[in-house]
Amino acid sequence: MIQNSNQMISARISSFLKDLLGDSSGIMAIVGFAILTIFILMAIFAPLIAPYNPIQPSGNPLTPPNLHHLMGTDNMGYDVFSRFIYGSRMALIIAFIATLIAAGVGIPLGLIVGYFGGPLDRVITMIMDSVYTFPGLILAIAIAAVLGPGIINISLSIAVVYIPTYYRVIRSQVASVKNELYVESAYSIGAKTSTIIFKYILPNVLPSIIVVLSMNIADAIMTEAGLSFLGLGITPPTPDWGYDLANGQQFIISNDWWMAFFPGVAIILIVLGFSMFAEGLNEYFNPNIGEKR
Amino acid sequence: MAVLSIKNLFIEYQTKSGTVKAVEDVSFDVEENESLGIVGESGCGKSTLGTAILRLLPQNAKITGKILLDGVNLLELDNESMRKIRGKDIAMIFQDPMTSLNPIMRVRDHFFELFKVHNPDMKKNEMIKIASEALESVGVDSKRLDNYPFEFSGGMRQRVMIALSIALKPKVLIADEPTTALDVVVQEQIMQVLKNLMKTKNMSIILITHDMGIVAEMAERVAVMYAGNLVELGEIHELYNNPLHPYTRMLLESIPNIKLDDMDLKFIPGSPPDLKNPPKGCKYYPRCPFAKDICKEKDPKTKKIGNRIVKCWLYGDENE
Amino acid sequence: MRMNEETFLKVEHLRKEFDLKVSWIKAIFKGKKKTVKAVDDVSFEIKRGETLGIVGESGSGKTTLGRTVIRLIEPTSGKIIMDNTDLTKLKGDVLRKARRDFSIIFQDPMASLNPYMRIGKIVSHPLEIHNIGTKQERKEKILSLFEKFNLTPPEEFYNRFPKYLSGGQRQRVVIARALITNPKFIVADEPTAMLDVSVRSQILKLMIQVKEEFKLTYLFITHDLAGAKYICDRIGVMYLGRIIEIAKKEDIFKEPLHPYTKILMSAIPIPDPNTKREKLMPKGEIPSATNIPKGCRFHTRCPFAKDICKEQEPELRDIGGRLVACHLV
Amino acid sequence: MKTYILTRIGLSIPMILIILTIVFFVLRVLPGNPVLAMLGPKAPPSVVKAMEHQMGLDKPILVQYFDYLKDIAHGNFGQSTVTGMPVLKELMQKFPATLELTIFAMIVAVFIGIFYGTLAAYKLGSPLDVSARIYSIFVYSFPVFWFGLMLQLIFGVWLHWLPVSGESSPFMTPDPTHTGLYVVDAIINGQWDVLKDSLEHLILPSLTLGIVISSIFVRMVRANVVLTLSQQFITAARARGVKEKTVLFRHALKNALPPILTIMGLQFALLLGGAVLTEVTFSWPGIGSYLVSRIHARDFTAIQGTIVFFAIFVAIISILVDVINAWINPRVRY
């Protein structure tokens, strides 16, 4: 019996891997995951990896990339590579906090409203839709302008913008799953409302929650960079990609491109990681794929 | 003389998980003015066969063999010549009338498009005249030319589809499960429309369906398909009165008949084979109560018995 | 409430009206609310151990009727008396717990199974909900049921997910789930409509077999009259929300009385090319349930309609032991 | 159709109201006090009081709220605390530049999106399709300001082909002004040298914004056309001998358009957010640059006014999108 279940687990893992590697979406998820792992490790072990202190001059200002400074130095003489590595901390921390807040509000709200429906649904949905159609970055700018700088404040400004994203996805998913025959079957066998929500509806919307989460982190990183670029983010000299990019902007004209180039590459890579991961998961989790009729 | 002649047709789909042999070595003729029924369970290849005649299969399908229309092999035509045959010489109607018309085009524009494609010089008056006649002949008021598809019920849409497909007087009409999505009463109405057409217009109909009842009422000859193979073909009365292939027999016995009293319901045990990995030998043997040793080993050849065709080891010599 | 001893289920004047969904802005502009009378004053009885078939075209309200009878849909008015209990009076937890005594089988077996639950869990869930048996007992019960339903090897099916089953196997799982609490009554809503021809009769046979074993009473909803003939004892014909004829199966098939029943009968294709029949055709198309014709609701399509049919709605009348709602019979 | 448009306008009123309300409460009720933020934390209380009185901030919050709504309804967006000018007037001056940028960016994005997306869907699984998928996922991850800087570096600094900032060279503005859109005005006036100069300035910013947004368009056009192509009426049209080009554009694309347009309308919000960043990157004198400069000047009346302005702009766009949709799709019209 035990051996049997072991076999099943190993068989399941191998079939999972086969599914995952069998097509391009699986490969995409894995590449995305690899990029993310590198950045997360970079953020955690920044002091061990970075060659210099990111907020102390370590060479002549405006040195182009060379063997000592892989990505050159900025106008203060800070090592761009070290700031590249430390910058992942700000990006990830703010994105995670913002996503946590947005998901923490949006998901339960969408679940409850989607399940019970009614007039409450109409009111909340209209509010959420209004916020959703409004340019997110501009709303975040306004909130950030009032709240002022700081990790929590910036995270909050970003979170407000993304609450409707979660709400809309979850609500519409719940509203459609609610009408599935298997939910009706659950009623017909006498299941409690809580059982129906947690055992029948939640597992069926969970995949899309995971996909939206990882897509949302990508967007949050992008928004954070935008806010910092506009001078509304983290106060210098804390290493932050958006700020460093803005700082490097003035030196583009004089062809000192590396100051702006590398932080941008960092943003692209980490956003790419999250969106590839999300895209791959999306295709993999879609329960209709592999369905034989 | 046969209008349409299918010879040794093979169709394979290349998928990620393997090759699906959807149709295997199928040959039959469609005579002038006849109605030929093709029956079988879902996944037996009957719809693939119908779509293949018009060469409308997806890219991953590989067709070999011959499809002869008046002696011309359609599989050797270039795309442009093939396109000109579709809708003009061979027309097709589909299972789901709700989705077979373009939702944002008026009925009129469906007709106009069809006429323009095959006869760019046609005048507007003439187009309206032919379209109106076609609609009236299937029982739709010609005033409804200006309507959008969503303003019609399912049955009416199927009539419009039929009108569209016969407007240019094709030689062959392929009807792929034309009534499956409809209610019985509407189904009966559509079948009457098709029967009228068969009487009045000069054309052959290939009726693809899973419903043995519809075939019995509509077709003159029947081809039975199983797992991509044509297992039996014959005149309708002969085939129903005396089915040769065990599958045909089981299929007929598993169908409820309201006219018979207290018939015992039978069913075919098991399920059709996976066409990616079909059994060796006869595809039907795992479900066949008459299976012999040779059935497991060798695929039977298609044999002619009188004017019937059957593909089974119960008939003919095992050593040939 | 006193009931005939034999009567198991008695439905009286059941109605279900749906409000048509209109966006609130449109409601302001257009004013009136439209309602769909899906079930419009339906009464019938089912005897213990009997199978009552309800046939009709799509839009006839038969599916709504089936769901309303077991309170998956709230009736607008009417009574549903099952085993001397009025189901319409039950509420909340009482209703929820009563559900172990009746269940439903849906048309689409794949959609009826939670894709993220294993088959074993799906079937044992009703037992868990109603606290029946220990974990071990539940599993044993399920495995033996699987064995009986030809879902073999049972242990393997127990751990599978629904997507790896064939259509017929899924429907057998659905039936197993419906039966696991030993209910007395089952509503079957077109249980064979989505299945392949060769599997249909298999499921029908299984349903007949378990009916004897579990001493069940069926309400069998279908558009397939030929299939209904094999499983039903009596058949009711629905048209636009109302039962227009209800009689023993033999009577209905031998001599349908209502013009609509006649039309329905003659529309069924017969798998026998030797049979030639006179075909009876209705006029026009089925009217919308938002706008049910005055008088007899079938008069707009009836080939025999007279003036009285346009004015007066016929009631179900007893004609030689069967009930028909038609002025002309 | 008329009722539909009226209905749709009616529907957007509560939407705008909700955004106005959110903006109001974000700016007034959140812990940050705008006056303190404006004057700095060390300002003497008497000065703060006087300022609050001047701005009407000492009234009860609900009174302030209704005053604010009333003012907006009358087209009064308040006076800038920095320049003393009416905010609406300042916004109207800056608006044409933003409109010009967004229109051209939208043209770039729609053009790439429709063609690349449709062809990728048609050749599903081909190298072209794979390239479209890679394009959409890769370009989507470009921060718009970084991409702008790189285009500046390549086409301005390295190649010297195009100017890297501003809306025009000195003394190269069209005169007289008709619409405020430089390109349009130059054409109306027949000032071809001005037109050339304006276009040169417009190319990099609108390409930057347009290409970044096009990533989403490509992906969604592809997805929708794939969906439509799989429908039965497409096979039915082919079965009638309809030409492939007609099948693709008249049947598939046109049917896929309503959802595409709807999402494009929603993405317009993203476009505006990107426009703010693009304007700052290219020193483009539009509303985005205005907003950012006023934030640094702590001019809260102007910030509030700008956001209200954006809200109304977004609402108008979404009405437009829905009307176009109704025009294409007979089912919406009734």
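Modeller: Two strands count as paired if DSSP finds at least two bridges between them, and I will hold to that cut-off as we go through this predicted model.

Biologist: What makes β10 and β12 of chain B a pair?

Modeller: Strand β10 (residues 229–235) and strand β12 (residues 308–310) of chain B are joined by 2 bridges and run antiparallel; since the rule asks for at least two, they therefore count as paired. Within β12(B), Ile309(B) is the bridge partner of Leu233(B).

Biologist: What makes β2 and β5 of chain C edge strands?

Modeller: The 4 strands of that open, antiparallel sheet are ordered β2-β1-β4-β5. β2 (35–47) and β5 (85–86) of chain C have a single partner strand each, so one side of each is left without a neighbour in the sheet. Helix α2 (residues 62–69) of chain C lies across β1, β2 and β4 (77–82), at about 120 degrees to β1(C).

Biologist: Why is the meeting of Glu279(A) and Arg219(D) called a salt bridge?

Modeller: The side chains of Glu279(A) and Arg219(D) come to 2.3 Å, N to O, and the limit is 4 Å between a side-chain nitrogen of Lys or Arg and a carboxyl oxygen of Asp or Glu, so the pair qualifies. The rule finds 2 salt bridges across the interface of chain A and chain D, as well as 6 residue pairs in polar contact.

Biologist: Which element gives the most to the side of chain A that touches chain D, and what classes of residue make up that side?

Modeller: α11(A) gives the most, with 12 residues, while by class that side has 32 nonpolar, 9 polar and 5 charged residues. The contact takes 46 residues from chain A and 45 from chain D, and the two chains bury about 4200 Å² between them, 81% of it on carbon and sulfur atoms.

Technical notes:
Residues numbered from 1 in each chain as written. Chains lettered and ligands numbered in written order. Predicted model: local features only at pLDDT ≥ 70, side-chain atom pairs only at ≥ 80, totals over all residues. Heavy atoms only, no water. Contact = heavy atoms within 4.5 Å. Axes fitted to C-alpha atoms, helices over the stretch in contact; angles between N-to-C directions. Buried area = accessible area lost by both parts, 1.4 Å probe. Polar contact = N/O pair within 3.5 Å; in protein donor to acceptor, adjacent residues only side chain to side chain. Nonpolar A, V, L, I, M, F, W, Y, C, P; charged D, E, K, R; others polar.
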